[in-house]
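Biologist: Hi, could you walk me through this one? I have a few quick questions.

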Amino acid sequence: MTEPSRYRPETLEQRWQLQWEQLGLHATPHLSEEAGDPYYALSMFPYPSGSLHMGHVRNYVITDVIARAARLRGHRVLHPMGWDAFGLPAENAAIERGVDPGDWTDRNIAQMRDQLRRLGLSIDWDREVATCHADYYRWTQWLFLQFLDAGLAYRKEATVNWDPIDQTVLANEQVDAEGRSWRSGAQVEKRRLRQWFLRITAYADALLDDLPSLEGWPERVRTMQANWIGRSLGAELTFCTESGAQITVFTTRPDTIYGATYVVLAPEHPLVAELTTDDCRLSVTAFCDLVSRQSEQERTAEDRPKRGVPIGAWVRNPASGERLPVWIADYVLADYGTGAVMGVPAHDHRDFSFARQYELPVRRVVIPEGSDPHAYEGQAWTEAGVLIASGPFDGLDTTEAKARIVASAEAEGWGQGRVQYRLRDWLISRQRYWGCPIPVIHCDSCGVVPVPDDQLPVELPRDIPLSGKGGTPLARLESWVNVPCPCCGAPARRETDTMDTFMCSSWYYLRYSDPHNGKRPFDRAAVDRWLPVDQYVGGIEHAILHLLYSRFFTKVLRDRGLLGFSEPFARLLTQGMVQGITYRNAHTGQYVAPAQVADPSDPRDPISGEVLEVFYEKMSKSKHNGVDPAVVIDRYGADTARMFILFKAPPEKDLEWDDADVEGQYRFLQRLWRLVEGAHGQGLRLSGHGSPLAIDIEACSLSEAEKELRRAVHTAIAAISEDLEGELQLNTAVSELMKLSHALAAHLDTARAAVGAEALSTLLILLAPFAPHLAEELWQRLSGQADGEGFTAEASVHRQRWPVVDPAALVRDTIPLVIQVKGKMRGSLEVPADADAATLEKLALESEVAQRWLEGQPPRRVIVVPGKLVNLVP
């Protein structure tokens, strides 16, 4: 007797991955090929760190299920992958190791590509892009010139973090919580440099107004973007100083103008130096120096005290004529609004705190309707109300008062209505080496000159010395910097700033539609055919910047005639984090690796013996709580890793890693293997390379077991189909697969071949998006192709068609009826599905359950809920 074969994922997964690749099973169909609507499934592309982590696995497996299911439903699917490869981490790694960042990045890409292949992802690798390769960033540069030509790219001075020891600009993430450089330890200074910006504020209204159209996005993400854009309706009001200078403030509460008791400028405001009096200059200079070492986050944090100093100047309140002092304070930012605010402490929490700290007057001018004028003293009233102490506007409600005061300001020339945004223009300059060069040339005669299209790309020079000190290395490379002006031919200099990496990631999804085009970034017909992306999957941490910049790019390129849609991503899924069991010594704050914990039931520090805290937290190297995907795949196979990732939690929720649950999924796949092997051993086969056999209900009298099996099959089809649409519920889809496998195990042996073939073929097609290798192996075994010889793409389980629900299979002849006594369930019985209330009452009273619990006494009351239950009340 032949020994049954065993489930060996390590061999069958490699074999099918090779077969799929050789046949081009996951290649993207050309627009002119095949029937079916296009479907674009995309994961946010990764930074090539060199190591795949479980967060990557979850992201890419979720998208792969979506892509595979779309193919089975007859769509032409685009499912690509690429690399967000420029940026500071690679430059720092290159400096530390003394290697070229390009070589370092390419090695990491190769390593991560191999790791991704092991997951069995149905990616079209022929469309792979890397943002650090010249054939990609040539078009990033070309698109920058489109922005420049449209008046959306410009230079201006902006504040940067400056390391005075290393003589270089630092990114915000390179400055620690104490304001010191991560490398040199120097106290970081603020400096003003001329830098490049994109005028995203020109699209603020469009970005905000189009958010409601993104019905396939989480409400949380849309709200975050709306808050980031921060459209405010208010007014700009002008306060005149005694020297004749004008200070313009923006306020959303012009109705409180009579309550202003001081005016505050940002320390960086250009009027500070002009208006500061001699007796205040020392204190103002010292304060400005102090603030220059603070980050924006520190200055605006709600839980930090607001600090400031007077500058000695005074202004007149344009509404009341009252004389008000001028201060500078850390909570006012130069590049937000006008860089100046009017202080109204009675009606703003921040102003109230500041006024109390510095003993500035608090004047109440708005009170709740119907309240006493002295109500709410000792706190700021920030809600709507009725005006008092406001001259001709007394008695007006806040809404009418705003309109009347703005109208008065416009008529008298001291203010005007204004829409203000929290959103600021996008600073794209980086004083770094490893980034996309900005394609402009600076000529003394011609000014800023775009690099001609036929001279693109401006290639990043390779193999140059990197130290992380002394400014951008490009500025020191004279052979690269010095070039003739494209307009006049005179000596000129290249721009030495490189672009923010968000520039590269704001359009990569467009390039996938036409990745080998050497004449354009993409063909209009191709991009309009594939885009918008049908399903985009990535982390919530990208909810604002990446997604907002991508939306901005799409709208600009639409207006340039390069594409014909307004939003890049139709549906968005923000998957939750993968968390690992974490051990920490509460006394020292040190994390302990799980492998060092001898007894998890009594976790103790291996050195001190102290009891450890135990909790789940996002996997990271610093917390020693990560799980290497390669270790899991080596032990259990990729399909098990996929099934666990999908089953453990809903896609949008955080997932807690549990080795026992991984083992549980492995056992489930082993049961499936034994189930199909048993059917195969009994001679069950699929016809026509797996085409499910049609079941003619009229011509075939099914047994009760066969009806039950078909009902389970078509219930699973309906449930899993629903789980893959709308709100993706992949965890419940895996649960439905388990239910179906249980039904097969219970009824397959007694079912006829046609019923069994339908059940097994359906199970394997439904399984295919989730565990693609095992589904393929079992499909081929039942199709007589177990050795893989003669295997064709058309014979693959992944080229079959998604099963369709047969409504007749869901019809039940009988249904279970719950019998309650005094509201508590006491039993059940099978009753005809079409029984009326009287029949259900009769059957319930005649049942053994009723006889036992009523003890021969008739019930006082019988409550019948047709199709569900009968409640007997003694």
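Biologist: Which residue in β25 is the bridge partner of Tyr 536?

Modeller: In this predicted model, that partner is Leu 572. Strands here are DSSP E runs of at least two residues, helices are H or I runs of at least four, and both are numbered from the N terminus.

Biologist: And how do β24 and β25 pair?

Modeller: In the parallel sense, over 4 bridges; pairing takes at least two DSSP bridges between the strands.

Biologist: Is β25 covered on one face or both?

Modeller: Both: Leu 572 and Thr 574 are buried on one side, and Leu 573 and Gln 575 are buried on the other. Buried means under 20% relative accessible area, exposed over 50%, and partly exposed in between, with a 1.4 Å probe and protein chains only.

Biologist: Switching topic, where does His 798 lie?

Modeller: His 798 is in the loop between α24 (772–782) and α25 (807–810). It counts as buried because its relative accessibility is 6%.

Biologist: What does His 798 touch?

Modeller: Leaving out residues up to four places away in sequence, its contacts (heavy atoms within 4.5 Å) include Trp 20, Arg 68 and Glu 776.

Definitions and conventions. Residues are numbered from 1 along each chain as its sequence is written. This is a predicted model: local features need pLDDT of at least 70, side-chain atom pairs count only at pLDDT 80 or more; totals for chains, interfaces and linings use all residues. Side-chain values use heavy atoms; hydrogens and water are left out.
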